[in-house]
Amino acid sequence: MSKVPDLAKRLLLGRALSSAQQHEQLLKKRIALPIFASDALSSVAYAPQEILLALGAGGLVMYSYTPWVGAAVVVILLTVVASYRQNVRAYQSGGGDFEVATTNLGGNWGLVVASALMVDYVMTVAVSVSSGVQNLGALLTFLQPHEVFVAIVVVVLLTLGNLRGIKEAGVAFAIPTYLFMFAVISTLVWGAARLLAGAELKSETADYVIHGDETNVAGFALVFLLLRAFSSGCAALTGVEAISNGVPAFRKPKGENAARTLLMLGLVAMTMFAGVIAFAHITDVKFAEPDQGSHLIDPSTGKEVFNVDPVIAQIAHTVFSDFEIGFAFVTTMTALILFLAANTAFNGFPVLGSVLAQNRFLPRQLHTRGDRLAFSNGIIILATMAGVLIYAYDASVSRLIPLYTVGVFVSFTVSQIGMVRHWNRLLGAEQGGAQRRRMKTSRAINAFGATLTGIVLVVVLITKFALGAYIVCIAMPVLFMLMKAVRRHYDRVAEELTPSGEDVALPARNHGVVLVSQLHKPTLRALAYARATRPSTLEAVSVAVDAEAAQRLQEEWDALDIPVPLKILDSPYREITRPVLSYVKGLRRKSPRDVVTVFIPEYVVGHWWEHLLHNQSALRLKGRLLFQPGVMVTSVAWQLESSARLKGRQERPGPGSSRRPPQAGARPGAGSVSDRD
């Protein structure tokens, strides 16, 4: 690559890292927590808001159920955290739910989990960034008309940050994550102190009235609305599974460090989520969106109110009503953590893609590490897909949320069922009493988790299907079938390339054919090289597009007394490719056991525009000849003077130049196709 693009790449991504430096990228728990927990923690900014939004469809009276819905979400959160602590101890390779399901339930269930997680990671980026822009717009109102553009810019910046490597991304993202935790907890503590001091905390929307499209809610309609609010609140659980996919990034002991980080995540997320729900209820926060079936009315004017601040911004404004800097700090940190929450997906998606590629369910390029030892291709694919979603849904959180949580609860449920089978298998071989008791406890935790998450999955599908979850229900099977097709292709190629007896036999003869357009230095070099390879027979072939030019070529050839016969092919329709193909096929038909080597002179140029002026006929011929069995194509390079400018350039790393080491116990080359094939 030339110096200017290489300099730009180094400025953006930093210096390249060698494979030997991979151990330096491992994370301490205090850095791993903000990297892997930012998604779950940031859900405090929108999960309580989604509960209020869903309940608002039934009118103001439904708000009284807010604490109970929030309590149910906290129970699910703690259950999932306890369940995944068993996962990270038992499976530490980075496969996470995919590895658990594949090992214990079979390959198809593993692919179900993989497709669910891939969808959920994309949704995590889209929802988190869109919500961050929404919260930032509450502070900087001039951004509101440009939310889509700002969201895509944030995705690009996150992509560049992660392409620099996970350690640098972690250090860069740790401080904002901890500041967000400090901001929310400080809000809760300061609010509690003011309440104890006798202050009346009343939000700016407390006097507004909620009118819902679903009036007189009772019976089944009431239950359905509560379940929909509960499923919306379960967005608080997204991101919990990221730690199980990122265990390889932890320092040793990996499993124990990951389990402790997961416990810290659960306790902090529970405290923040429950606190925000409590203060939303105490301060009488209202939130509505007309396209979600709820309307906010100002009783003093009777008019509908639009574009109210997000719930967490309203709480901060109420708590810090006498301290505006506190409100600005909370709002800024909330927007920032939502942007950084997408970083959880940027760490989970590439690792999952690498594991799938290693198992030949995705293209091998996803298993490739970039200059900075990050899985660059996976990062770029994730960013692209999230950007498309943000653009398609106008960065609207309320429109994106219905697509959320389906994938993650599919992976939750299947993974916990797989863990139950895991413990059953180990219990069958374990004789020690103390160890068996520990295994039974772990099995009970996973069984309880599987039951609860399975119930939540059913609730989410029922209540969110018509609101957009059907798109995820289509995307997951499509990804499943795509991965199966990729695996079938790799298996078919591996079987086709397996050596057999006849593959080692030498061909009977090698017929050399040098393609000639005119007699010049590149042609003479190709002839000399072809003679040096000592084929059984050798001849030069030219196509007579112009009779006079062909005659001159024959005369020049004879005049130089070249020791290779020249054969001129007729071309009444002035074609070049077809006569050469017909001639080569004729050689193969005469002697099927022979091979034909076609030598093609090619120019090496130094400018991109020179490619448009040279080598076009050679490229067309090469492309067609490569499909002919028993035909080998050899390019004989002739360097033009312009190519000298590229001498000594740094070579661009090719696909597969840096890969994860094979898993322990794997048989080298077991059914895989290497980059050399």
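The dialogue below goes through a few features of a predicted model.

User: How many helices and strands are in the chain?

Analyst: Helices (H or I, at least four residues) and strands (E, at least two) are DSSP runs, numbered from the N terminus. The chain has 21 helices and 8 strands.

User: Is Thr577 buried or exposed?

Analyst: Buried means under 20% relative accessible area, exposed over 50%, and partly exposed in between (1.4 Å probe, protein chains only). Thr577, in helix H20 (residues 577–590), counts as buried at 16% relative accessibility. Of the 677 residues in the chain, 53% are buried.

User: Which residues does Thr577 touch?

Analyst: A contact means heavy atoms within 4.5 Å. Leaving aside residues up to four places away in sequence, Thr577 touches Arg620, Leu621 and Arg624. For the chain, 82% of contacts between residues at least 6 apart in sequence join residues at least 24 apart.

User: Where is Asp561, and is Asp561 buried or exposed?

Analyst: Asp561 lies in the loop between helix H19 (547–560) and strand S6 (566–570). With a relative accessible area of 64%, Asp561 is exposed.

Terms used: Residues numbered from 1 in each chain as written. Predicted model: local features only at pLDDT ≥ 70, side-chain atom pairs only at ≥ 80, totals over all residues. Heavy atoms only, no water.
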